[in-house]
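Biologist: I have a model open and a few questions about it. Can we start with the terms, then go through the helices and the charged pairs?

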Amino acid sequence: MSETLVINGMHCAACEKTIRRALTKEGVTVERISHEKGTATISGDAPRQRIATALAAKGYSLTEEKSRTARTNDVEQRILTNGFLALALLQRTDNKCDSFL
């Protein structure tokens with residue numbers, strides 16, 4: 001049976017390789033891993049605590065999906081807020097340029 005893990009601290013392809021090795025040593029098959037999504041889809045019989053310990057030894061940690069969703073929502077909110085602020089600044093800049101003409 002496959003399970004998708006959400007892993008904190010995975011930032012690049014080297015992180016993917018490190019995590020794949022750590023999980024393989026625990027008898028887990030890594031089907032997919034993505035540093036962009038921060039996830040690894042695995043199959044195997046290793047207990048979750050053993051997986052968490054193996055990842056912690058390499059500097060990574062498991063996260064519950066709900067927490068990741070909350071972080072994603074927070075990032076999306078920041079992007080929207082920054083976008084609106086940028087538009088407001090552009091509008092303000094456009095108005096100042098018109099007054100000089």
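Modeller: Terms first: a residue is called buried when its relative accessible area is under 20%, and exposed when that area is over 50%. Bear in mind that this is a predicted model.

Biologist: Fine. Which residues of helix α2 are buried?

Modeller: Helix α2 covers residues 48-57, and Ile51, Ala54 and Leu55 are buried there. They span an arc of only 95 degrees around the axis, so they sit on the same side of α2.

Biologist: And what is on the other side of α2?

Modeller: Gln49 and Ala57, which are exposed on that side.

Biologist: Changing topic. How many salt bridges does the structure hold?

Modeller: Two. In one of them, Glu3 pairs with Arg48, and the closest N and O atoms are 2.3 Å apart. Glu3 belongs to strand β1 and Arg48 to helix α2, so this pair ties together parts 45 residues apart in sequence.

Biologist: Which side chain does Arg50 meet in a salt bridge?

Modeller: That of Glu26, at 2.7 Å from N to O. Arg50 is in helix α2, while Glu26 is in the loop between α1 and β2 (29-34), so the pair links parts that are 24 residues apart in sequence. Arg50 is partly exposed at 40%, and Glu26 is partly exposed at 21%.

Biologist: Now the surface. Which residues make the nonpolar patch?

Modeller: Leu80, Phe84, Leu87 and Leu90 make a nonpolar surface patch of about 440 Å². Leu87 lies in helix α3, residues 65-100. Its relative accessible area is 54%, so Leu87 counts as exposed, the cut-off being over 50%.

Biologist: Which element has the lowest mean pLDDT?

Modeller: α3, with a mean of 66, whereas α1 has the highest, 95.

Biologist: And what does the protein chain average?

Modeller: A pLDDT of 82, with 79% of the residues scoring at least 70.

How values were computed:
Residues numbered from 1 in each chain as written. Predicted model: local features only at pLDDT ≥ 70, side-chain atom pairs only at ≥ 80, totals over all residues. Heavy atoms only, no water. Patch = residues over 30% accessible without salt bridge, like charges linked within 9 Å, V, L, I, M, F, W, Y side chains within 5 Å. Areas by Shrake-Rupley, 256 points an atom, 1.4 Å probe, with all protein chains shown as cover. Salt bridge = Lys/Arg side-chain N within 4 Å of Asp/Glu carboxyl O. Helix = DSSP H or I, 4+ residues; strand = E, 2+ residues; numbered from the N terminus. Buried < 20%, exposed > 50% of the residue type's maximum accessible area, 1.4 Å probe, protein only. Arc of directions from axis to C-beta. pLDDT = per-residue confidence, 0-100.
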